[in-house]
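This report describes the nonpolar cores, the aromatic pairs and a surface patch of one protein model.

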Amino acid sequence: MDIKDCIFCKIVRGEIPSKGVYRDDLVYAFHDINPVAPTHILIIPIKHIVGVQSLEPEDECVVGHMFYVARRIAEDLGLAPDEDLNRGYRLVFNVGRDAGQSVFHLHLHLIGGRRMSWPPG
Ligand code: 5GP
Ligand code: ZN
């Protein structure tokens, strides 16, 4: 697929509307259009990266930044675990179709606001 047809690149450029929660030079975070929990945010790199399966050494910084941004957003939304480590949220990368990846632009799911089960389906 051509990068110019990538829906998340279009979201980054504002060609497809989205409900943003955070943006900087490296990442953009916005609400998932089809939330699986009361909070479902996607954190994506501004740069087009297909997924974890195509990460290069030069991408290590942006992936680390995605986790830090996820942590900050989760805190802002009141999802962070308390001192007894109750509450919490889940951070997920789906890697490849069998794992559930349907959009081939790297994205970190931040999911929370309900009790979650393990193992995932
Ligand atoms: P994946 O299945 O690839 O791990 O996750 C892709 C996610 O992107 C899904 O949760 C899906 O609901 C979300 N998504 C797909 N298209 C759009 C869109 O146009 N806007 C938004 N906000 N989310 C989208
Ligand atoms: Zn893209």
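A residue is called buried under 20% relative accessible area, exposed over 50%, and partly exposed in between. In this predicted model, F93 has a relative accessible area of 21% and is therefore partly exposed.

**Aromatic pairs.** The whole structure holds 3 aromatic pairs. Two of them are set out below.

| Pair | Centre to centre | Angle between planes | Arrangement |
|---|---|---|---|
| F8 and F30 | 5.6 Å | 85 degrees | edge-to-face |
| F67 and F93 | 5.7 Å | 75 degrees | edge-to-face |

F67 is partly exposed, at 37% relative accessibility. F8, in helix α1 (residues 7-13), and F30, in strand β2, are 22 residues apart, and their pair links distant parts of the chain. Here F8 is buried at 6% relative accessibility, and F30 is buried at 3%. F8 and F30 form one aromatic cluster with Y28.

**Nonpolar cores.** The largest nonpolar core has 16 residues, of which V27, I41, I43, M66, I73 and L110 touch the most other members. At least two residues of this core come from each of β2 (27-31), β3, α2 and β5 (108-112); α2 gives the most, with 7 residues. Another core, of 10 residues, lies apart from it and includes C6, F8, I44 and V103. Leaving aside residues up to four places away in sequence, M66 touches V27, I43, I44, P45, F93, L106, H107 and L108.

**Surface patch.** V52, L55 and V95 make a nonpolar surface patch of about 190 Å². V52 is located in the loop between β3 (39-45) and α2 (60-76) and is partly exposed, with a relative accessible area of 34%.

Conventions: Residues are numbered from 1 along each chain as its sequence is written. Chains are lettered from A and ligands numbered from 1 in the order in which they are written. This is a predicted model: local features need pLDDT of at least 70, side-chain atom pairs count only at pLDDT 80 or more; totals for chains, interfaces and linings use all residues. Side-chain values use heavy atoms; hydrogens and water are left out. Patches are made of residues with over 30% relative accessible area and no salt bridge: like charges are joined within 9 Å, nonpolar side chains (Val, Leu, Ile, Met, Phe, Trp, Tyr) within 5 Å. Accessible areas come from the Shrake-Rupley method with a 1.4 Å probe; for residues, only the protein chains shown count as cover. A salt bridge is a side-chain nitrogen of Lys or Arg within 4 Å of a carboxyl oxygen of Asp or Glu. Helices (H or I, at least four residues) and strands (E, at least two) are DSSP runs, numbered from the N terminus. Buried means under 20% relative accessible area, exposed over 50%, partly exposed in between (1.4 Å probe, protein chains only). A nonpolar core is a set of buried Ala, Val, Leu, Ile, Met, Phe, Trp, Tyr and Cys residues joined through side-chain atoms within 4.5 Å. Contact means heavy atoms within 4.5 Å. Rings of Phe, Tyr and Trp (its six-membered ring) pair if their centres lie within 6.5 Å; planes under 30 degrees apart count as stacked, over 60 as edge-to-face and the rest as tilted.
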